[in-house]
Amino acid sequence: MSAPKDYYRIDIETGKENPKSRLFCDPRAGGFVDLSNVRILACSVDTVRQLYRGLIRPEIMCLFEKPGTIVDFAGQRWHSGRVSKDSGYQYKLQNADLGIILLVKNFNAKLENIGPHLKIEVSPHAIDQFCPERLQERLDYYASHVLTNVERNQCAVHLALDLQGWQPPADLVARMHCRARSARDISGIKEIQWTLESATYGKGQSYLFGSAGGVQLAIYNKTEQARAIDKLDYCEGVWRRRDSFDEADPDNYNPEQDVWRVELRYHHSVIQQFASGSFDLQTSQTIETNSYAAFAPHLDGLWRYGLRQFKLLARPGYFEPIWTLIRDDVRVDLPVDSLVDDTEYKRQYKTSRGFSGKNVELFLGNFVSLLARERVGAKKAFYRLKEWECWPVIRDHYAAKGMDEDGLYKHIKGILEERHVRWGRAV
């Protein structure tokens, strides 16, 4: 199947093609789409998560003896506490004024061993305050106060575009084409904010495509979400300050109109795939980054990549004009020189053969045995399996053997039935 094509961009005055025009022409049907009223407010880094490996300093654990108290750490006052197991960590140090949260002590690594014991989450206002180099210095400073033998262990980023004059069509899910297996269309979405609290908002549709462990695309009403978490004043300040972002209309924010956000979320494992697989076109060397500051010049590349993985189509074979506009005309607003034109962006995937493939086979056998013992049906079991963080590895392993998701479900159903017949349900 050939890649989708873009509509022609036509100069209103001359009628000739103009790659910067907001007037799009359907090359087959001949109709026009005018996006001159779309206003780009900002395209920025909304979330940074920097991971570290190391050995936890003995004095750090004393900060969590009385959860919920204010403690001194690295020359600042912090709120200490426990966090849910879902985060992957046991404790946190939080300073909302700084816009920093430190998640400490990985659940899956022993305290006395070197391991991935620290993740630092950065709020939007802290990202906005510092250039990538300065922010990285600050994160590394905090890491050095938590760990010895400290080593950066990759980063995760969210890229967010805010715009007015456009809202998702009612059939967005049907017209969004992507490799992602999961898509959700929900009115009132719950998500983890940087404060680790849940926020619920509605009054309009919110869309989420892809899995949290890979690349996700979120499209939602940012005005409603910001109002729900009492951050609208801050967001409006950013939109007004960045009015000059759109050179075609430097005074473009309208407080009477809702702002919609298109957000690409990259898990740290995906950033690592890009770091290992992308290379400099001049030197042919892979970029091999492990920090937010080092990867920042490549965020334009990630923005373009994401909008080619998630394809909003006007009709089969053709991109929706808004998708062409935000893919080709938008740049991530950062005070660094973009390397997008000097880099070939590719993801280096781990294969599902050998060690990981063997473990997938062993897991599935044990999984079925437990299903039979607990009398869980194949349909419910398969649904839960797809929600697990390791699902992509399982899916890709069987895909490499020529088995799609439907085939894998039938495989599980078949061996579960055989288990019931041969050995009984609760043996």
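Over the ring of which residue does the charged end of K85 sit? In this predicted model, the charged end of K85 is placed over the ring of F107, at 5.6 Å from the ring centre. A second contact of this kind involves R327, whose charged end sits over the ring of F319; here the distance to the ring centre is 5.0 Å.

Contacts between aromatic rings were also examined, and the structure contains 13 aromatic pairs. In one of them, the ring centres of W239 and Y253 are 5.5 Å apart and the planes meet at 40°, so the pair is classed as tilted. W239 belongs to helix α5 (residues 232–241), whereas Y253 is found in the loop between α5 and β17 (260–266), so the pair ties together parts that are 14 residues apart in sequence. Both W239 and Y253 are buried.

A stacked arrangement is seen for the aromatic pair F363 and F367, with 5.4 Å from centre to centre and 20° between the planes. Helix α10 (residues 354–374) contains both F363 and F367, which are four residues apart, or about one turn of the helix. The relative accessibility of F363 is 26%, so this residue counts as partly exposed. F367, in turn, has a relative accessible area of 15% and is therefore buried, the cut-off for a buried residue being under 20%.

How values were computed
Residues are numbered from 1 along each chain as its sequence is written. This is a predicted model: local features need pLDDT of at least 70, side-chain atom pairs count only at pLDDT 80 or more; totals for chains, interfaces and linings use all residues. Side-chain values use heavy atoms; hydrogens and water are left out. Rings of Phe, Tyr and Trp (its six-membered ring) pair if their centres lie within 6.5 Å; planes under 30 degrees apart count as stacked, over 60 as edge-to-face and the rest as tilted. Helices (H or I, at least four residues) and strands (E, at least two) are DSSP runs, numbered from the N terminus. Buried means under 20% relative accessible area, exposed over 50%, partly exposed in between (1.4 Å probe, protein chains only). A charge sits over a ring if NZ of Lys or CZ of Arg is within 6 Å of the ring centre and within 35 degrees of the ring normal.
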